[in-house]
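Here is a quick tour for someone meeting this protein for the first time. Have a look at the model, then read on.

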Amino acid sequence: MDTAASKNDANSRLSRGYLTCLIATAMWATTAIFIRYLTENYQLPAMVLAFWRDTFVSIALALVFYFFFPKYLKVDRKHTRFLLIYGVVLAIFNALWTLSVAFNGAAVSTVLAYSSAAYTALLGWRLFGESLNPTKLCAVSMGLAGCVLVAGAYDPSVWKLNPLGIITGILSGILFACYSLMGKASANRNISSWSALLYTFCVAAVLLFLYNILAGFSPVLRPTADIFLLGSSLKGWTILLILAVIPTLGGYGFYTLSLTYLPVSIASLIALLEPAITAVLAFLILGERLTTIQIIGSLMVVAGVVILRIREIKN
């Protein structure tokens with residue numbers, strides 16, 4: 001009886017984890033649409049955009065917690081260094097992702113970033129003792145292959161990269177894996193996922209602010225535009241605020257929360273659905289064409305997640 005109850009409880013936790021991570025992924029998938037609008041209509045540089053995203057998230061969380069959930073503002077001092085490192089990882093990932101897009105284009109940078117699923121599966125097995133069975137390896141392989149098809153990275157012409165572009169793209173995938181692993185470590189330390197979100201985004205916002213300020217004075221760093229480039233554009237600031245609240249706050253918040261229920265390797269696999277969801281949203285909202293290959297790729301990613309879930313239910 002106890003065994004059955006324990007199994008039901010484990011399945012219930014996994015189901016909550018899958019649902020939470022799917023919500024996070026769906027929210028993340030809207031990111032490209034908002035970013036495209038801001039970069040095309042306002043020529044907002046990526047690093048400036050990243051700074052404001054993290055800043056708005058930090059301010060929104062701080063205000064909500066201060067007035068309604070003050071318990072999330074309190075974190076044991078012994079976790080201070082961990083959260084600082086966690087925030088640095090987030091800031092570096094944001095920077096590497098931006099540079100990878102600049103060097104490699106959207107298709108290749110997407111595939112290289114989501115190669116993190118493979119790194120996460122291996123590191124999760126090594127660091128947290130998570131299973132690394134043939135079913136999980138098959139699911140990860142299907143997910144990565146589907147991601148390649150959705151992003152259009154099967155075309156050899158998009159892989160004409162310079163070495164710096166390849167290195168940057170691979171590092172962005174590794175940093176995304178590190179971010180996921182830090183989230184799992186945070187859950188294991190019993191740090192509230194919302195507290196972790198607040199303080200990591202605060203650290204990332206400060207670092208990105210320093211970058212944008214120093215870039216204008218350094219011959220080494222790539223110069224960026226004025227951080228107040230949007231000026232008095234109410235519409236521009238509103239779109240940027242929506243980008244911060246829905247895809248960023250919602251996406252990262254629910255993803256971090258899902259790590260309290262799921263092995264980090266499974267959460268990173270579910271996140272592979274993002275390019276597929278983005279492609280569908282681009283078709284529905286922007287009228288972009290959804291090709292047969294993209295549909296096949298999307299189904300491959302979905303199939304990988306479904307196969308993994310079926311195996312867990314049977315176990």
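Predicted model: local features only at pLDDT ≥ 70, side-chain atom pairs only at ≥ 80, totals over all residues.

Residues are numbered from 1 along each chain as its sequence is written, and side-chain values use heavy atoms, with hydrogens and water left out.

**The big picture**

The protein has 13 helices and zero strands. Helices here are DSSP runs of H or I with at least four residues, strands are runs of E with at least two, and numbering starts at the N terminus. Of the 315 residues, 48% count as buried; buried means under 20% relative accessible area, exposed means over 50%, and partly exposed lies in between, using a 1.4 Å probe and protein chains only. Among contacts (heavy atoms within 4.5 Å) with a separation of 6 or more, 86% link residues 24 or more positions apart.

**Two partners of H10**

Two packed helices are described by the angle between their axes and the distance between the axes. Axes are lines fitted to C-alpha atoms, for helices over the stretch in contact, and angles run from 0 to 180 degrees between N-to-C directions.

| Pair | Angle | Axis distance |
|---|---|---|
| H3 and H10 | about 70 degrees | 9 Å |
| H2 and H10 | roughly 160 degrees | within 10 Å |

Take H3 and H10 (residues 234–258), whose axes are 9 Å apart at about 70 degrees. That makes H3 roughly perpendicular to H10. The cut-offs are under 35 degrees for roughly parallel, over 145 for roughly antiparallel, 65 to 115 for roughly perpendicular, and oblique for the rest. The residues of this contact of H3 with H10 divide into 12 nonpolar, one polar and one charged. For these classes, Ala, Val, Leu, Ile, Met, Phe, Trp, Tyr, Cys and Pro count as nonpolar, Asp, Glu, Lys and Arg as charged, and the others, Gly among them, as polar. On the H3 side the residues include Leu-49, Trp-52 and Phe-56, and on the H10 side they include Trp-237, Leu-240 and Tyr-252.

Now for H2 (residues 31–42), which crosses H10 at roughly 160 degrees. That makes H2 roughly antiparallel to H10. By class, the contact of H2 with H10 has 10 nonpolar, two polar and one charged residues. Phe-34, Leu-38 and Tyr-42 are among the H2 residues involved, and Leu-240 and Pro-247 are among those from H10.

**Inside the protein**

The largest nonpolar core has 70 residues, and Trp-52, Tyr-179, Leu-240 and Tyr-252 are among those with the most contacts inside it. H3 gives the most to this core, with 10 residues. A nonpolar core is a set of buried Ala, Val, Leu, Ile, Met, Phe, Trp, Tyr and Cys residues joined through side-chain atoms within 4.5 Å. Leaving aside neighbours within four places in sequence, Tyr-179 touches residues including Tyr-86, Leu-197 and Tyr-252.

**Loop residues**

His-79 sits in the loop between H3 (46–67) and H4 (80–104). Is His-79 buried or exposed? His-79 counts as buried because its relative accessibility is 8%. Beyond neighbours within four places in sequence, His-79 is in contact with Arg-189 and Ile-191.

Most residues other than glycine have a negative phi. Asn-190, however, has a positive phi near 60 degrees. Asn-190 lies in the loop between H8 (163–188) and H9 (193–215), and is exposed at 72% relative accessible area. Gln-43, in the loop between H2 and H3, has a positive phi near 50 degrees.
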